[in-house]
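The following exercises examine one structure, each with a worked solution.

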Amino acid sequence: LQTGNPRIFRREAEQRGLNTAVHLLLDVSGSMSGAPITLARQACFAVAKALENIKGVNPAVTVFPATASTSSVFPIMRHGQKVPDSFDINASGGTPLDAAMWWVMQTMLPLREQRNIILIITDGVPDSTHAARLALNMAQKLGFEVYGVGIRDDHIAQLLPQTSRVINDLPDLAPTMLGLLHNALVQGGAS
């Protein structure tokens with residue numbers, strides 16, 4: 001390098017960094033009570049911890065519906081924050097996926113990352129399938145990559161046919177989430 005000779009390098013290559021914001025959006029509706037919510041919060045915690053340790057990835061976790069009557073979402077961990085010691089959440093209420101998607105998009109648009117990924121984890125039908133479809137279409141038009149995991153229910157596959165997976169056994173949740181995110185981050189798709 002000191003000689004100014006560029007031939008010391010084998011080849012010139014440009015490597016793109018991850019530079020990605022990932023938002024886990026977890027359905028905590030009443031149907032998630034019991035074992036599903038216990039495993040879902042553990043899986044989200046584990047995935048958030050794993051993402052936190054990847055340079056160039058900015059994770060966040062939000063649950064919906066929130067228990068407060070004024071909001072349909074509750075951020076457990078915002079972008080740029082450290083993962084808390086645990087995710088202490090309970091299941092109750094409906095499935096306002098559309099409102100949750102709008103809130104997540106609103107919080108992610110000002111982020112500096114070049115890529116924005118949203119991973120929805122749900123076990124049922126949104127309160128309004130039409131409104132959820134509109135929100136998902138807008139997310140995709142704005143450049144968000146949206147993925148989904150259905151827990152013992154295939155409605156997410158109807159909303160996101162190319163970028164979702166359905167699991168029937170709860171222990172498959174964390175590996176499926178990690179697999180989808182791995183494919184999205186490393187390979188650029190949900191294959």
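A crossing is called left-handed if the near helix is turned anticlockwise from the far one by less than a right angle, and right-handed if clockwise. Helices (H or I, at least four residues) and strands (E, at least two) are DSSP runs, numbered from the N terminus.

The model is predicted: local features need pLDDT of at least 70, side-chain atom pairs count only at pLDDT 80 or more, and totals for chains, interfaces and linings use all residues. Residues are numbered from 1 along each chain as its sequence is written, and side-chain values use heavy atoms, with hydrogens and water left out.

**Exercise 1.** Describe how helix H1 packs against helix H5.

*Solution.* Step 1: H1 spans residues 35-52 and H5 spans residues 173-187. Their axes lie 9 Å apart at an angle of about 35°; axes are lines fitted to C-alpha atoms, for helices over the stretch in contact, and angles run from 0 to 180 degrees between N-to-C directions.
Step 1: The crossing of H1 past H5 is right-handed.
Step 2: With contact meaning heavy atoms within 4.5 Å, Leu39, Ala40, Ala43, Cys44, Val47, Ala50 and Leu51 of H1 meet Leu173, Ala174, Met177, Leu178, Leu181 and Leu185 of H5.
Step 3: This contact of H1 with H5 comprises 13 nonpolar residues, no polar and no charged ones. Here Ala, Val, Leu, Ile, Met, Phe, Trp, Tyr, Cys and Pro count as nonpolar, Asp, Glu, Lys and Arg as charged, and the others, Gly among them, as polar.

**Exercise 2.** Determine the strand order of the open sheet and identify its edges.

*Solution.* Step 1: The six strands follow the order E3-E2-E1-E4-E5-E6, with mixed pairing; two strands pair if DSSP finds at least two bridges between them.
Step 1: Strands E3 (74-77) and E6 (164-167) are at the edges; each has a single partner strand, so one side of each lacks a neighbour in the sheet.
Step 2: From one strand to the next, the twist averages 20°.
Step 3: Strand E1 (residues 20-27) pairs with E4 in the parallel sense over seven bridges. Val22 has Ile117 in E4 as its bridge partner.

**Exercise 3.** Which strands of the sheet does H5 touch?

*Solution.* Step 1: H5 packs on the sheet and touches E1, E2 (57-64), E4, E5 (145-151) and E6.
Step 1: The direction of H5 makes about 160° with that of E4.
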